[in-house]
Amino acid sequence: MIINNNPQAQRRSTFSQQVIKDQNTMLLLNLVRRHAPISRAELARLSGLSPATVSMLAEELIQNQWIRETAAAALPKGERGRRPIMLEVNASRGYVAALEILSRGYICTLYDICLHKVASVRSRDMASSGAGVCQTLVQLARSRHIAKSRILGVHILFPGLFDAETGSLGFSAVIDDTDMVQRDLVADLRVRLPQAHVMISNDATMVAYSEFVAENAPDSTPLLAMTIHEGINAGVVMDHRSCLPVEAGHIIIQQRGPLCKCGNRGCLETFCSTPALFRALNERTALRLDYQDTYGGDRNQAVIARVAEALSEGDASVRAVLEDYTYALCCGLVSIINLFAVRSVHIGGAVHALGASFEEMIRETLAAHFHVVTHSKELNLGLFDDDYESNRKAAVMLILERIFQTE
């Protein structure tokens, strides 16, 4: 045996051992998160660690209240012996908030680390600041007897562009400057909640991640999810921890097209947002739709339902408008598909109401007029009805992956 009397080398060795232990502890915690209820023997098998190491680390996790023992598992039929004690995550050990930035205020929703919704509150403060948001979150937690120290993360969902390095809020086509929350909200919350992991994503990436989670098919990535309402949002999921926002609504498809709110001409949003569709229908059909241009217009849900009814009844003029609309939409879609070699395309939002005939129009238009490049040469395409609760849970799942990452 060679004994190293160098103090610096000994400190490096001790540090390395602690790093390995921390990594193994996080590995076990993640396995319990994903496979609970699970036995110590199964943890040893999945982790590759020795049963003794698993037992030691599991006991530390129990003492620190990250996991807890639950009822013993039943033995397989015909087997005899001691039933294994199962382990599960202690849901009350930590909490994560999804913070959705709106045109006037925000929605703050609190979840435990097992994805159970705890509480939610809507603020209509048009001059929202980091101090106000932090106070809302802490008060929401306290109303459920949760200490501020147990808030592990805040995932901010913003419908627009932001600085990837600092998180500073930038341009949003759907939120006016006068309605914008504090632009350095991310940095401010990181100071006010030093124990929490604060991250920001474009809200469209959470729609995409939600669709990825729902599909539960690893070979579906890269997955593009696009929502079409009064604005157009999109996100691409590359893998289980990587989501990229795509400013799909501001892809220029016609250089001399209509002027967009972003200052450019011919953006996809000027052709394919729901108000753009309704405007074209009023110009070229007898529908006479009474719609709203504002983001989140309540009236527009009934309007798109009327369009869907006319399409299903075989109105030729409505179908002609939708065929032109679909061609413009595909001009934007194919740019993203080919850029990321997308395999799956999910289109949601208001246009989901147009149903299977609209979905088939998209398929036929892509096949007839565009060259689509994918890894498999097959594109999985479908419509979906975006669900706000699913999107919030997706935001929580993604930030938990960041908080508990082992790499």
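1. Two strands pair if DSSP finds at least two bridges between them. Strands (E, at least two residues) and helices (H or I, at least four residues) are DSSP runs, numbered from the N terminus. On these terms, Y95 has D112 in β5 as its bridge partner.

2. This is a predicted model, in which local features need pLDDT of at least 70, side-chain atom pairs count only at pLDDT 80 or more, and totals for chains, interfaces and linings use all residues. Residues are numbered from 1 along each chain as its sequence is written, and side-chain values use heavy atoms, with hydrogens and water left out.

3. The sheet is open and has 5 strands in the order β6-β5-β4-β7-β8, with mixed pairing. β6 and β8 (197-202) are the edge strands; each has a single partner strand, so one side of each lacks a neighbour in the sheet. Direction ignored, neighbouring strands are turned by 15° against each other on average; axes here are lines fitted to C-alpha atoms, for helices over the stretch in contact, and angles run from 0 to 180 degrees between N-to-C directions.

4. β4 (residues 95-102) pairs with β5 in the antiparallel sense over 8 bridges, and a hairpin of 2 residues joins β4 to β5. With β7 (residues 151-158), β4 runs parallel, joined by 6 bridges. A98 stands opposite H155 in β7.

5. β5 also runs antiparallel to β6 (residues 117-123), with 6 bridges between them. Y106 stands opposite S123 in β6. The hairpin of β5 and β6 has 4 residues between the strands, and L115 takes a positive phi near 70° there.

6. Is β5 (residues 105-112) mostly covered or uncovered? It is mostly covered, since 8 of its 8 residues are buried (under 20% relative accessible area, with exposed over 50% and partly exposed in between; 1.4 Å probe, protein chains only). In a regular strand the side chains alternate between the two faces of the sheet. Both faces of β5 are covered: one side carries G105, I107, T109 and Y111, the other Y106, C108, L110 and D112, all buried.

7. α5 (residues 185-192) packs on it and touches β4, β7 and β8, its direction making about 160° with that of β8. α12 (residues 388-403) lies across β4, β5, β6, β7 and β8 and runs at about 130° to β7. Contact means heavy atoms within 4.5 Å.

8. The axes of α10 (residues 316-340) and α11 (residues 355-369) come within 9 Å and cross at roughly 60°. The two are therefore oblique to each other (angles under 35 degrees count as roughly parallel, over 145 as roughly antiparallel, 65 to 115 as roughly perpendicular and the rest as oblique). The contact is made by R319, L322, E323, Y325, T326, Y327, L329, C330 and L333 of α10 and by F358, M361, I362, T365, L366 and H369 of α11. These residues divide into 10 nonpolar, 3 polar and 2 charged; Ala, Val, Leu, Ile, Met, Phe, Trp, Tyr, Cys and Pro count as nonpolar, Asp, Glu, Lys and Arg as charged, and the others, Gly among them, as polar.

9. α9 (residues 299-312) packs with α10 at an angle of about 110°, their axes 8 Å apart; α9 and α10 are therefore roughly perpendicular. V307, A310 and L311 of α9 meet V318, R319 and L322 of α10.

10. T221 is in the loop between α6 (203-215) and β9 (223-228). T221 is buried, with a relative accessible area of 12%. Not counting residues up to four places away in sequence, T221 touches F212, V237, M238 and R343.
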